[in-house]
Amino acid sequence: MEHSIESYIKNLVRETIGQTISDVQTHNGRSNYVIANWKMNKTLAETADFFEKVTCDDTVSVVICPPAPLLYLANNMIKQQVKPIALGGQNVHWAEKGAFTGETSTEMLKDVGCEYVIIGHSERRQYFHEDDEIINQKVRQSIKAGLIPIICIGESLEQKNFLQTEQILTEQLIGALKNTGSSNFIIAYEPIWAIGTGQSATPERAQETHAYIRSVLKQLLGQTADSISIIYGGSVNEKNAEEFSSMPDIDGVLVGNASLNAETFEEIINVFAKGEQNE
Ligand code: PEP
């Protein structure tokens, strides 16, 4: 892979002052993100292999979120290969430190090279009983520590069928953002019925929902809402990514299954990178 001088310098800046690489703006003033959520997948060898293979340029902000034990290696691989890729945790604890066996702190994530952290994923809400109050504490601790939270919200199939989507999203947004005093976060709209099912939302429906989310953010934060990236997640793959990328309020994607394979993930990155170049 060829590395531009520009991406080399960006990496240096990132290492030196901890600045994020997401300085690429779309026409609407927001960054486009392609974020990988590996969930509980991959060994050390598979992680090394992925970072050797995956290539991207810096016209889109690429963030990889591996499981915690793989972060150290992932960070080393990114530095060694000088790739314009940022790292994120999949979860974090709300306390600064202490007696919380099995947990990971914001300081630990930062120390190992993370700039981002996923908070409130539906699998955490479902299997680990995380409610809006816990999610809010995690968001606040992350912002305090200088991590950018990727806040996941989304309705279940039942809620969708009962036409409760807007109500649920509003509650989740207000719950997560209470007393945060920051606009330095990303919202990931992930309808639960679309995650890992192969049944993604239609791009038109996702666009409508993103526009609604932005209207709620406007109520909460005023015009700043226009600068917040809202990304879509739920069965995104290399075949449907293009349609999502053409929607004005869809500022990128959060990808589960299709992010595990370097070639497939790269195809998705290229869709959004191309989108920015074309604007
Ligand atoms: C996810 O779990 O965040 C996700 C989007 O998964 P998938 O792409 O596999 O639906």
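## Terms and overall make-up

A residue is called buried here when its relative accessible area is under 20%. The model is a predicted one.

The protein contains 11 helices and eight strands. It has 279 residues, and 53% of them count as buried. The accessible surface of the protein comes to about 12800 Å². Carbon and sulfur atoms account for 51% of that surface. For contacts between residues at least 6 apart in sequence, 75% join residues that are at least 24 apart.

Strand β2 covers residues 61-65, and five of its five residues are buried. S61, V63 and C65 point one way from β2, while V62 and I64 point the other way. The residues on both sides of β2 are buried. In a regular strand, side chains alternate between the two faces of the sheet.

β2 is paired with strand β1, which spans residues 33-37. The β1 and β2 pairing is parallel and has five bridges. Within this pairing, Y33 stands opposite S61 of β2. β2 also runs parallel to β3, with three bridges between the two strands. Here V63 stands opposite A86 of β3.

What is the burial state of strand β3 (residues 85-89)? Five of the five residues of β3 are buried, so this strand is largely enclosed by the rest of the structure. I85, L87 and G89 point one way from β3, and A86 and G88 point the other way. All of these β3 residues are buried.

## The ligand and its surroundings

There are 15 residues around the ligand, and those that come nearest are K39, H121, E190, G196 and S235. By class, the shell around the ligand holds four nonpolar, eight polar and three charged residues.

For G196 it is the backbone, where a polar atom is 2.7 Å from an oxygen atom of the ligand. A polar backbone atom of S235 is 2.8 Å from an oxygen atom of the ligand. Taken alone, the ligand exposes 300 Å², and the protein buries 99% of that area.

## Two residues with positive phi

K39, listed among the residues that come nearest the ligand, has a positive phi of about 55° although it is not a glycine. K39 sits in the loop between β1 and helix α2 (44-53).

V82 is another residue other than glycine with a positive phi, in this case near 50°. V82 belongs to the loop between helix α3 (71-81) and β3. Is V82 buried or exposed? The relative accessibility of V82 is 18%, so V82 counts as buried.

## Threonine 106

T106 is part of helix α4, which covers residues 106-111. With a relative accessible area of 2%, T106 is buried.

The side chains of T106 and Q141 are joined by a polar contact of 2.9 Å. Leaving aside neighbours within four places in sequence, T106 is in contact with V92, Q141, S142, A145 and L147.

## Threonine 209

T209 lies in helix α9, which runs over residues 203-221. T209 is buried, with a relative accessible area of 4%.

Which backbone oxygen lies 2.9 Å from a polar atom of the T209 side chain? The backbone oxygen belongs to R205. Not counting residues up to four places away in sequence, T209 touches L169 and Y189. T209 and Y232 are 23 residues apart along the chain, and their C-alpha atoms are separated by 9.8 Å.

Methods. Residues are numbered from 1 along each chain as its sequence is written. This is a predicted model: local features need pLDDT of at least 70, side-chain atom pairs count only at pLDDT 80 or more; totals for chains, interfaces and linings use all residues. Side-chain values use heavy atoms; hydrogens and water are left out. Helices (H or I, at least four residues) and strands (E, at least two) are DSSP runs, numbered from the N terminus. Buried means under 20% relative accessible area, exposed over 50%, partly exposed in between (1.4 Å probe, protein chains only). Contact means heavy atoms within 4.5 Å. Accessible areas come from the Shrake-Rupley method with a 1.4 Å probe; for residues, only the protein chains shown count as cover. A residue is near a molecule or strand if one of its heavy atoms lies within 4 Å of it. A polar contact is a pair of N or O atoms within 3.5 Å; within protein, one must be able to donate a hydrogen and the other to accept it, and residues adjacent in sequence count only if both atoms are side-chain atoms. Ala, Val, Leu, Ile, Met, Phe, Trp, Tyr, Cys and Pro count as nonpolar, Asp, Glu, Lys and Arg as charged, and the others, Gly among them, as polar. Two strands pair if DSSP finds at least two bridges between them.
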